[in-house]
Amino acid sequence: MATGIAVYDMAATQWAPSGPPGIWQQNIRSDPGAGRWFGGVRFEPLSRSGVHRHLGPAASFMLSGSLVDHATRMAGGQAVINLAGAVHDVICYDASLVVARVDGPILYPRDTDGVLDELGAAASEAGERLDATLGQPADILVDANAATAIPGPVPGVTRTLLYDYAGQPHRACFTRLVLAPETRIPAHAASAMLDLFVLAGEIRLGRTTAGSGCYVTIDPDTELDLASRYGARLLAWADAPARWTDGSERGDLYGW
């Protein structure tokens, strides 16, 4: 496997208790000090997150099932955006599976152990106070299949921007990429942290292969070329524009 690239198969990765009964998580990358996390969350029927506040943005994708809070119902195939300051309590009435990236602490005023348990370690300090975020939308929903798809910067790539993090304390782009069969994306370097999830199909990153249901983490300054022999659909969370290293000028692959 190339240095700076790691692949984790969801089907082969251990699920750990998340805190509330019936909620499990796969910790692919976790930085409690910065409140940053990437991985999967599995909800059993009638499991409940508990009331919590997002102190930074979270960008998730509903793989299956549905979740309900006071604002809306989130269902399979939707991107779910939680802005910094959003407060809600999520309950699951059917089994659900979510892949998510969190870019700020999550605080639980009444419980120090909640969803993404280690990120709630400072929950007791949150108290019950209200602040300027009162009324912040709990969820922004984007139907990935209804959102506008545009041609990517290289042949065979179609890109749908799901969330551009505008106005948030953390900057990134959350994008869905569709690669046609035999697509080859030239060498480029991830300028900052880059996370991928393969929704379907298979991709090759140099000599590393990631298939359906695989997480991929790519460290800053890692150079990679990306290809798909039979086609693929994937999600990308990119903290900065990529740098093309083959000498050509192109637009950004990940939506910057």
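How many bridges join strand β4 to strand β11?

1. Eight of them, with β4 (residues 36-43) and β11 (residues 96-103) running antiparallel. Arg 36 stands opposite Asp 103 in β11. On terms: strands are DSSP runs (E, at least two residues), numbered from the N terminus, and two strands pair if DSSP finds at least two bridges between them.

2. Before going on, a caveat: this is a predicted model, where local features need pLDDT of at least 70 and side-chain atom pairs count only at pLDDT 80 or more, while totals for chains, interfaces and linings use all residues. Residues are numbered from 1 along each chain as its sequence is written, and side-chain values use heavy atoms, leaving out hydrogens and water.

3. β4 and β11 belong to an open, antiparallel sheet of seven strands, ordered β2-β3-β4-β11-β6-β9-β13. At its edges sit β2 (16-17) and β13 (140-143), each pairing on one side only.

4. Now the aromatics: the structure holds five aromatic pairs (ring centres within 6.5 Å; planes under 30 degrees apart are stacked, over 60 edge-to-face, the rest tilted; Trp counts by its six-membered ring). Phe 38 and Trp 237 are edge-to-face, because their planes are at 65°, with centres 5.2 Å apart. Phe 38 is in β4 and Trp 237 in β22 (residues 232-238), so this pair ties together parts 199 residues apart in sequence.

5. Trp 237 also stacks with Phe 174, centres 4.7 Å apart and planes at 15°. Phe 174 and Trp 237 are both buried (under 20% relative accessible area, 1.4 Å probe, protein chains only).

Technical notes: Helix = DSSP H or I, 4+ residues; strand = E, 2+ residues; numbered from the N terminus. Buried < 20%, exposed > 50% of the residue type's maximum accessible area, 1.4 Å probe, protein only.
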